[in-house]
Amino acid sequence: MTTFALSLPRAVPRRTLVGVAALTAVVMLWSSFALSTRALEGAGLTMADAAIVRFAVPAVVLSPWIPRTLRTLRTERPTVLALVLLAGLPHFLLFAWGAHLTSAALTGLLVPGTVPVFVTLLLFLCVRRTVSRRRVLALAAIVAGVAASALFTGGPTGAGGIAVLLAAGLVWAAYTLGVARTRLDPVGVIVIVSTTSVASALLLAVTGVLPSALLAGTADLATVGSYALVQGVGTGLLSTACYVVAVKNLGSSLPAAAGALSPVLTAVVAVPLLGESLGLGLGVALALIVTGVAVFALSPATPSGQSTPR
């Protein structure tokens, strides 16, 4: 009697499902952040005010976890901790500065679009991790999409602003590598990033380095409340936690690449929500980014026959 072996597909690992779910939430939350930022333009908050509100909400909500986080930091490597802290005030100020120097559309595409390129470059420089040919082609498509966005979106796109936005993308890529190596859990990452960032932002505001409508008493409380809900809770708490979970379960490369999808979702949703138009040039740029991210996600991390360095 002949026995036939049925080849059944293996179940998707639980950590992969968790990572994909977290990554989906990240893309949606980052898109809502961009959309809400456009809607809040001209609200009367300074850069220092935005940073204080953005980081104060998660710092206050998660204050009971501060002692536990400090105990964990005793075993953390200083280099890894420095990389994690880049996600706070340094990245926020670079992003805001670049947005001021360039157009909003270019800001939304350039920063997340360049992160996977920088992550791959840093991994190659730090651990000599080689990249498969398909992933190289995928990254090339993402870069082409970013270049197309810069070419077709128009607006004030000076070299200085583009350089600042590239620096913001590099900083976020370094943070991504730090998260993959930190001993802190997602809550610990949010606690240490938020507390250090709000303290630094308050110091800059109190010393007059950055102006503050909050400290001057001229900020609109309704606007502050709305900003605290969208940026503090949505971006500060939920998106940060989901991004850490995604990196822990999927590694650093895929979350970095999938982040390039957030401006795509933003541009599409902005058409019915904000009445913006999706021109042919921007559509080509978005198509290139989507293709690059999809190929990157479905391609092996390293050439066949080579192991992935840890």
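Predicted model: local features only at pLDDT ≥ 70, side-chain atom pairs only at ≥ 80, totals over all residues.

Q: Great. How many helices and strands does the chain have?
A: There are 14 helices and zero strands.

Q: And how much of the chain is buried?
A: Of its 310 residues, 43% count as buried. Looking at contacts with a separation of 6 or more, 91% are between residues 24 or more positions apart.

Q: Okay, on to the core. Which residues of the largest nonpolar core touch the most other members?
A: That core has 43 residues, and the ones touching the most other members are Val 84, Val 119, Trp 172, Tyr 175, Val 189 and Tyr 243.

Q: Which helix gives the largest share?
A: Helix 2, with eight residues. Other elements giving two or more residues include helix 1 (14-39), helix 6 (104-127) and helix 11 (221-250).

Q: What about a second core?
A: A separate one has 21 residues, including Leu 94, Leu 106, Val 171 and Leu 282.

Q: Changing topic: how many aromatic pairs turn up?
A: A search of the whole structure finds four. In one of them, Trp 172 and Tyr 175 have ring centres 4.7 Å apart.

Q: Why is that pair called tilted?
A: The ring planes of Trp 172 and Tyr 175 are at 55°, so the pair is tilted; edge-to-face would need over 60 degrees.

Q: Which residues do the ring pairs link into a cluster?
A: Trp 172 and Tyr 175 are joined there by Tyr 243.

Q: Nice. What else is Tyr 243 in contact with?
A: Leaving aside neighbours within four places in sequence, Tyr 243 also contacts Val 26, Trp 30, Thr 176, Pro 255 and Ala 256.

Q: Last topic, helix 3 and helix 9. At what angle do they pack?
A: Helix 3 (residues 66-73) and helix 9 (residues 186-206) pack at about 95°, with their axes 9 Å apart. The two helices are therefore roughly perpendicular to each other.

Q: Which residues make the contact?
A: Helix 3 brings Ile 66, Arg 68, Thr 69 and Leu 73, while helix 9 brings Val 187, Gly 188, Val 191, Ile 192 and Thr 195. By class, this contact has five nonpolar, three polar and one charged residues.

Key:
Residues numbered from 1 in each chain as written. Heavy atoms only, no water. Axes fitted to C-alpha atoms, helices over the stretch in contact; angles between N-to-C directions. Helix = DSSP H or I, 4+ residues; strand = E, 2+ residues; numbered from the N terminus. Parallel < 35°, antiparallel > 145°, perpendicular 65-115°, else oblique. Contact = heavy atoms within 4.5 Å. Nonpolar A, V, L, I, M, F, W, Y, C, P; charged D, E, K, R; others polar. Phe/Tyr/Trp six-rings, centres within 6.5 Å; stacked < 30°, edge-to-face > 60°. Core = buried A, V, L, I, M, F, W, Y, C linked by side-chain atoms within 4.5 Å. Buried < 20%, exposed > 50% of the residue type's maximum accessible area, 1.4 Å probe, protein only.
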